[in-house]
Amino acid sequence: QVQLVESGGGLVQAGGSLRLSCAASGRTFNAMGWFRQAPGKEREFVAAFKWSGYYADSVKGRFTISRDNAKNTVYLQMNSLKPEDTAVYYCAADSRLRGVRITASAYDYWGQGTQVTVSS
């Protein structure tokens, strides 16, 4: 049974930092990434990692994605957080052997989501 379990969300003041973790079990994946969804908005790409990191323009320079293959875990280090980063963050995994994708429909496994709230 494949599972993605996220942790690390919470409440932080603007300018602060949080680190999200996503532990996968049941199989290994081609690429893993993070998406987020704010109330009333569509789910959007944040970052993904296969051999290196790929980022949305809105988080480039502030967020860093990394992957520990031995632990089958992906991390998202979020620095200089802004109120507009407030959202539910979802871990996603792509099982197919191909390049990194930035659309949600390309990912076939999802975590349950973790809330990140940034206060101004």
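This is a predicted model: local features need pLDDT of at least 70, side-chain atom pairs count only at pLDDT 80 or more; totals for chains, interfaces and linings use all residues.
Visitor: Why is the pair Cys22 and Cys91 called a disulfide?

Guide: The sulfur atoms of Cys22 and Cys91 are 2.0 Å apart, and a pair of cysteine sulfur atoms counts as a disulfide within 2.5 Å, so the pair meets the definition. A search of the whole structure finds one disulfide.

Visitor: What makes the disulfide of Cys22 and Cys91 left-handed?

Guide: The torsion about the S-S bond is about -80°, and the disulfide of Cys22 and Cys91 is therefore left-handed. Because Cys22 belongs to strand β3 (residues 18-25) and Cys91 to strand β9 (residues 87-94), the pair ties together parts that are 69 residues apart in sequence.

Visitor: Why is the contact of Glu44 with Arg36 called a salt bridge?

Guide: The closest N and O atoms of Glu44 and Arg36 are 2.6 Å apart, while the definition asks for a side-chain nitrogen of Lys or Arg within 4 Å of a carboxyl oxygen of Asp or Glu, so the contact qualifies as a salt bridge. It is one of seven salt bridges found in a search of the whole structure.

Visitor: What makes Glu44 partly exposed, and is Arg36 buried or exposed?

Guide: Glu44 has a relative accessible area of 35%, which lies between the cut-offs of 20% and 50%, and therefore Glu44 is called partly exposed. Arg36, at 6% relative accessibility, falls under 20% and so counts as buried.

Visitor: How do you know that Asp57 is exposed, and which residue is its partner in a salt bridge?

Guide: Asp57 has a relative accessible area of 67%, which is over 50%, so Asp57 is called exposed. Its partner is Lys60, with the closest N and O atoms 3.1 Å apart, and because the cut-off is 4 Å the pair counts as a salt bridge.

Visitor: What can be said of Asp94 and Arg98?

Guide: Asp94 and Arg98 form a salt bridge whose closest N and O atoms are 3.0 Å apart. Asp94, at 0% relative accessibility, counts as buried, whereas Arg98, at 23%, counts as partly exposed.

Note on methods
Residues are numbered from 1 along each chain as its sequence is written. Side-chain values use heavy atoms; hydrogens and water are left out. Helices (H or I, at least four residues) and strands (E, at least two) are DSSP runs, numbered from the N terminus. Buried means under 20% relative accessible area, exposed over 50%, partly exposed in between (1.4 Å probe, protein chains only).
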